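Reader: I'd like to learn how to read the packing of helices and strands in a structure like this one. Could you walk me through it?

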Amino acid sequence: MKIRIPAAASVMLIAALLLAACGSGEAPAANAGESVTIRLMSPWPHIGSLQNELVERIIEEYMDEHPGVTVSLEALENELYKDRLKVLSASNALPDVGFTWAAGFLDPYVEGGLFTPLDDLLEDELGGQFVSGTTEAYEKNGMTYAVPVELNIVPVFYNKDIFARCGLVPPQTFDDLKEVIRRLNEAGVTPIALGGKDAWTLSFWFMYLVDRVGGADLLDQSIAMSRFTDPRIVEAARLTQELVELDAFHDGFMGMSNEEAKAAFMAEQAAMFAIGTWEVPNYTTNPNVAESFKDKIGFFPFPLVEGGKGELNNWIGGPGLGLFVAENSKVKEEAKQFVAYFVKIWGERAVTEAGIIPATKVNTRSVHLPRMFSDLLNELRTANKVTLYADVQMKPVAAEEHYTLVQALFGGAVSPEEFARRQEMALIKSR
């Protein structure tokens, strides 16, 4: 199996899973025996999140095992978390430990000297713990500035009951998808839940169409070479707008957040929802979600575009969140020890307790897994390519412009040609 993630190195995923504001210098560490508080910030809010529940259990156990250490948790919704991270970095007041995304997202924090290198953990406590290729996603200039806790891909989840009532099956081609959308609309069912207010979810649809039209490497090469006006990218943008014109999404979807779109799908108000596998717990193991709903949910890979070069086993995704330690933390060594502990326990329990695919090697041979989880692991094992999210690959300025442009594309405010031209200009400027 070969899974390539340009700009983040190759990820040999399931083989390993199944086998087993700049600072002014380092602040002084706490004295030996002194009580310390480690501030941790996470993008998993408290309500209804198995990830957050697992984080809280790890914190409790760590404090039980380490008297004198208090871990203080601040949990925020995804977009609020990103905003707060920016605000805190501007005042050099980052938490001691926090979560970050890979590749381009890291750049301003690394360039600003805000994250401390964690290579010593990889050489010591966490040596050999990670799936091949995952830690490279957090490397800059030969040093590793975060350690990953998860892997994700983006399937299209769907409500099997709604499909059955409408006499539908998962689409294999883009033309099939358009027919599914037409028939769902005729039946008075919203085809796809999508939160356009959070632009990164819009990007999933565009990215998949780039892959299905132009093949596995087109998007990565276009970003790396700052050449976005390729006719195949323009065609993908045109097909994106075709979905909007077909009324594929909720009325007013551009004003909806991803959380609102998620709620609509879980309330069975839409037939499909393309989102990362971090949502799989809600379809498998989350005790707060009715079993009757879980039984209705399946998934399928993004359909092929007839005449295109993409493949069904090409996915959008890659290493997800990773843990960083703030360079200016006053308890840096204690924070690193907590990170090492967290990663080990998370890897041991993520699969069985939360249905999460961790970035560490896990022996799942003797573990009973929900069918969907097993099926997704199989998809990862046989994947041809996992393309890292476009916004994560891009440098922050270009990524922000990507959010603006993809919203304009879905909203009909730019033509496909203008979308491609302006994204290319943003990539060139951000070099």
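Reader: Let's begin with helix 8: which strands does helix 8 lie across?

Author: Happy to start there. This is a predicted model, and in it helix 8 lies across strand 12 and strand 14, running at about 125 degrees to strand 12.

Reader: How do strands 12 and 14 pair, in the parallel or the antiparallel sense?

Author: First the general idea: strands of a sheet pair through backbone hydrogen bonds, either parallel or antiparallel. Here strand 12, residues 314-319, and strand 14 pair in the parallel sense over 4 bridges. To find one of these on your screen, pick W315, whose bridge partner in strand 14 is V386.

Reader: What is the order of the strands in that sheet?

Author: The order is 7-12-14, in an open sheet of 3 strands with mixed pairing. Strand 7 (151-153) and strand 14 (385-388) each have a single partner strand and stand at the edges, so one side of each is left without a neighbour in the sheet. On average, neighbouring strands of this sheet are turned by 40 degrees against each other, direction ignored.

Reader: How many bridges join strand 9 and strand 10?

Author: Strand 9 and strand 10 (residues 270-274) pair over 2 bridges, in the parallel sense. T190 has A270 in strand 10 as its bridge partner.

Reader: Let's go back to helix 8. At what angle do the axes of helix 8 and helix 10 cross?

Author: The axes of helix 8 (residues 199-214) and helix 10 (residues 231-245) cross at roughly 130 degrees and come within 8 Å. The two helices are therefore oblique to each other, and their crossing is right-handed. On the helix 8 side, the contact is made by W205, F206, L209, V210, V213 and G214. Helix 10 contributes R232, I233, E235, A236, A237, L239, T240 and L243. By class, the residues of this contact divide into 10 nonpolar, 2 polar and 2 charged.

Reader: Which residues of helix 10 meet helix 18?

Author: V234, A237, R238 and Q241 of helix 10 meet P416, E417, F419 and A420 of helix 18. This contact has 5 nonpolar, 1 polar and 2 charged residues. Helix 18 spans residues 416-429, and its axis is 8 Å from that of helix 10, at an angle of about 130 degrees. These helices are therefore oblique to each other, and helix 10 passes helix 18 in a right-handed crossing.

Reader: And helix 7: is helix 7 roughly parallel or roughly antiparallel to helix 10?

Author: Helix 7 (residues 174-186) packs against helix 10 at an angle of about 15 degrees, with their axes 11 Å apart. They are therefore roughly parallel to each other. Helix 7 passes helix 10 in a right-handed crossing. The contact is made by F174, L177, K178 and I181 of helix 7 and L239, E242 and L243 of helix 10. These residues divide into 5 nonpolar, no polar and 2 charged.

Key
Residues numbered from 1 in each chain as written. Predicted model: local features only at pLDDT ≥ 70, side-chain atom pairs only at ≥ 80, totals over all residues. Heavy atoms only, no water. Axes fitted to C-alpha atoms, helices over the stretch in contact; angles between N-to-C directions. Parallel < 35°, antiparallel > 145°, perpendicular 65-115°, else oblique. Left-handed = near helix turned anticlockwise from the far one by under 90°. Contact = heavy atoms within 4.5 Å. Nonpolar A, V, L, I, M, F, W, Y, C, P; charged D, E, K, R; others polar. Pairing = 2+ DSSP bridges.
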